[in-house]
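Work through the exercises below with the model open beside the text. Each task is followed by a solution in steps.

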Amino acid sequence: ASPLVVAVSTSLSAKQGLLIRNRINFENARRVDTVVFDKTGTLTKGEFGVTDILPENDYDQNKLIQLAASLEQQSEHPLAQGIVSYAQSNNITIKKANDFQAKTGEGIEGNINGQHIDIVSPNYLDKQQIDYDDDTLKQLSDQGKTVVSVLVDGTLAGMIALADIIKDEAKEAVEQLHAHGIEVVMLTGDHERVAHWVADKIGIDQVYAEVLPDEKADYIKSIQQQSKRVAMTGDGINDAPALATADIGIAIGAGTDVAMESADIVLVQSNPNDVVSLFNLSRQTYRKMV
Ligand code: ADP
Ligand code: MG
């Protein structure tokens, strides 16, 4: 057992962009049999573009985007960026919003001109028993689009659909994990249909969708209870509890600080293939030691 080997691998890992925050969990990485990935920002680029604007009642497309962008301006979510960019490139004025608050995993809320605005997931509408056009939602999410709804004083003002891009390396990473006999799971706060659309494209074995941040950790626990050794890979605040719960928490990319602080290993680049490299590195390092 030579500390030299570990030292060598650590400098090697620094070169490949793996920061090891917890050495013991890095050692155990070679024993992982299940890898769980967050979707947005982890398997996808998290670069959303607005594709459909569907106003309701008194709203038109510009008014709906104006409201949404004015509140989203204060959010750090990748969806927010997509809506704000759309407003900017269409010269839609962004207004001042107050009392901004994130409902992590469900959306955001705040006030604009004395009106209360919520921008939320379909799941949240279901919970609040707010009616919406279910067929349109199905149609859009079957195309892999994420749909958010804008509420003004609790009444639906419309829906906005956004499309993300699957990372080029995602499919290859899943294939390589499979080649090592590792099961691959997706855990996402996004809609079931959007989750399956992405999962099907890259060959994911199992999908848990519409999952809130605390529930993400519960899913990890339930997989562990099946005697599995689980690695969780994610980038967001919403992934932090799951990263902390997993046998190995892997923060990917220039993810949020909260995610990095909860992780055992930080992958500096935003490449899902680095998860495979990390397992290989763990295997190589600790094989030499015995
Ligand atoms: P993921 O697990 O894919 O990273 P999140 O947990 O971050 O997803 O978000 C789950 C859902 O909550 C999103 O698909 C969206 O419907 C809603 N949501 C989260 N943040 C925002 C936001 N800033 N604006 C609008 N909707 C949001
Ligand atoms: Mg994410």
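The exercises go from the whole chain to single elements and residues.

The model is predicted: local features need pLDDT of at least 70, side-chain atom pairs count only at pLDDT 80 or more, and totals for chains, interfaces and linings use all residues. Residues are numbered from 1 along each chain as its sequence is written, and chains are lettered from A and ligands numbered from 1 in the order in which they are written.

**Exercise 1. Overall dimensions**

Compare the radius of gyration of the protein chain with the value for a compact globule.

Solution. 
- The radius of gyration is taken over C-alpha atoms, and the globule rule is 2.2 Å times the number of residues to the power 0.38.
- For 290 residues the rule gives a value near 19 Å, and the protein chain has 20 Å, which agrees.
- Along the principal axes, the C-alpha atoms fill a box of roughly 70 × 35 × 30 Å.
- A residue is buried if 20 or more other C-beta atoms lie within 10 Å of its own, exposed if 12 or fewer, and partly exposed in between, with C-beta atoms placed from the backbone. Buried residues make up 45% of the 290 residues.

**Exercise 2. Two hairpins**

Find the turn residues with positive phi in the hairpins that involve β5.

Solution. 
- β4 (residues 98-103) and β5 (residues 107-112) run antiparallel and are joined by 4 bridges; Asn 98 stands opposite Asn 111.
- This hairpin has 3 residues between the strands, and Gly 105 takes a positive phi near 85°.
- β5 is also joined to β6 (residues 115-120), antiparallel, by 6 bridges. Ile 112 has Gln 115 as its bridge partner.
- Here 2 residues lie between the strands, and Asn 113 in the turn has a positive phi of about 50°.

**Exercise 3. Nonpolar cores**

List the residues with the most contacts inside the largest nonpolar core, then examine Ala 231.

Solution. 
- A nonpolar core is a set of buried Ala, Val, Leu, Ile, Met, Phe, Trp, Tyr and Cys residues joined through C-beta atoms within 7 Å.
- The largest core has 49 residues, and those with the most contacts inside it are Val 36, Ala 231, Met 232, Ile 250, Ala 251 and Ile 265.
- Beyond its neighbours within four places in sequence, the contacts of Ala 231 (C-beta atoms, placed from the backbone, within 7 Å) include Ala 29, Val 32, Val 36, Asp 247 and Ile 250.
- Apart from this core lies another, of 30 residues, among them Phe 48 and Ile 160.

**Exercise 4. Helix α6**

Which residues of α6 are buried, and where do they lie around the axis?

Solution. 
- In α6 (residues 134-141), Leu 137, Leu 140 and Ser 141 are buried.
- These residues fall within an arc of 90° (from the directions between helix axis and C-beta atoms), so they line one face of the helix.
- They pack against β3 (49-55), α5 (122-127), β7 (146-152), β8 (155-163) and α8 (192-202).

Note on methods:
Pairing = 2+ DSSP bridges. Contact = placed C-beta atoms within 7 Å.
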